[in-house]
Amino acid sequence: MAEKLEPAKVLYCGVCSLPAEYCEFGPDFARCKPWLLENAPDLYPDLIKEANEKAADNVSDKLQSVGISSGGADGAPSSAQTGGTSKREEVKRLPGGKLKKKERQEVIIEKVVRNKRKCITIVKGLELFGIKLSDASKKLGKKFATGASVVKGPTEKEQIDVQGDIIYDIVEFITDTWPDVPERSIFFIEDGKKVQAA
């Protein structure tokens, strides 16, 4: 007679309730990591290495915040001990180690066509010159007798949407109304290319 097979015992995650082997494909793997480190370390050996590296980084960050860091090779005190600002504080780093670029002061004007005939003129970058966007939208709406509003664009930055095709008239209005905005820093986006307005 054949032997009776035992059912396989599956370890389920205590956080996401998926089998532990499938946690990395689940909705929130980051929340599952501590549970997996404790209960199933053999399934994800990379998590153990990652946890050790994080612990080492945390210790070095704490030491630097307290002011304990190695001085120069000649025994000179480090910049944290002398009170000077270090390069690390001056440069902003984004997640992933990329450097944050300083925004260039430029106004970008773009025309978007919707419903085949209706146009919207989008003005981006006026806030970089110290102009309040709400005041600018009111002035644009009055000057061109259209609706103008401040909205958040796809990059989560505020921009002004003006109804109508006023892409070429708006340059003169911006330079006359706000002399701080030079004409050489105003650009159009035409066919996906950035073209200088001047």
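Here is a short chat about helix packing and strand pairing in a predicted model.

Trainee: Hi! What angle do helix 5 and helix 6 pack at?
Mentor: Hello! Helix 5, residues 133-144, packs against helix 6, residues 169-177, at about 125°. Their axes are 12 Å apart.

Trainee: Is the crossing of helix 5 and helix 6 left-handed or right-handed?
Mentor: Helix 5 and helix 6 cross in the right-handed sense.

Trainee: And which residues make the contact?
Mentor: From helix 5 you have Lys139, Leu140, Lys143 and Phe144. Helix 6 brings Asp169, Ile170, Phe173 and Thr177.

Trainee: How many of them are nonpolar, polar or charged?
Mentor: The contact has four nonpolar residues, three charged and one polar.

Trainee: Okay, switching to strands. Does strand 1 pair with strand 5 in the parallel or antiparallel sense?
Mentor: Parallel: strand 1 (residues 107-114) and strand 5 (residues 186-190) share four bridges. One to look up is Ile109, whose bridge partner in strand 5 is Phe188.

Trainee: What about strand 1 and strand 2?
Mentor: That pairing is antiparallel, over seven bridges, with strand 2 covering residues 118-124. Here Lys111 has Thr121 of strand 2 as its bridge partner.

Trainee: How many residues sit between strand 1 and strand 2 in the hairpin?
Mentor: Three. Check Asn115 in that turn: its phi is positive, at about 55°.

Terms used: Residues are numbered from 1 along each chain as its sequence is written. This is a predicted model: local features need pLDDT of at least 70, side-chain atom pairs count only at pLDDT 80 or more; totals for chains, interfaces and linings use all residues. Side-chain values use heavy atoms; hydrogens and water are left out. Axes are lines fitted to C-alpha atoms, for helices over the stretch in contact, and angles run from 0 to 180 degrees between N-to-C directions. Helices (H or I, at least four residues) and strands (E, at least two) are DSSP runs, numbered from the N terminus. A crossing is left-handed if the near helix is turned anticlockwise from the far one by less than a right angle, and right-handed if clockwise. Contact means heavy atoms within 4.5 Å. Ala, Val, Leu, Ile, Met, Phe, Trp, Tyr, Cys and Pro count as nonpolar, Asp, Glu, Lys and Arg as charged, and the others, Gly among them, as polar. Two strands pair if DSSP finds at least two bridges between them.
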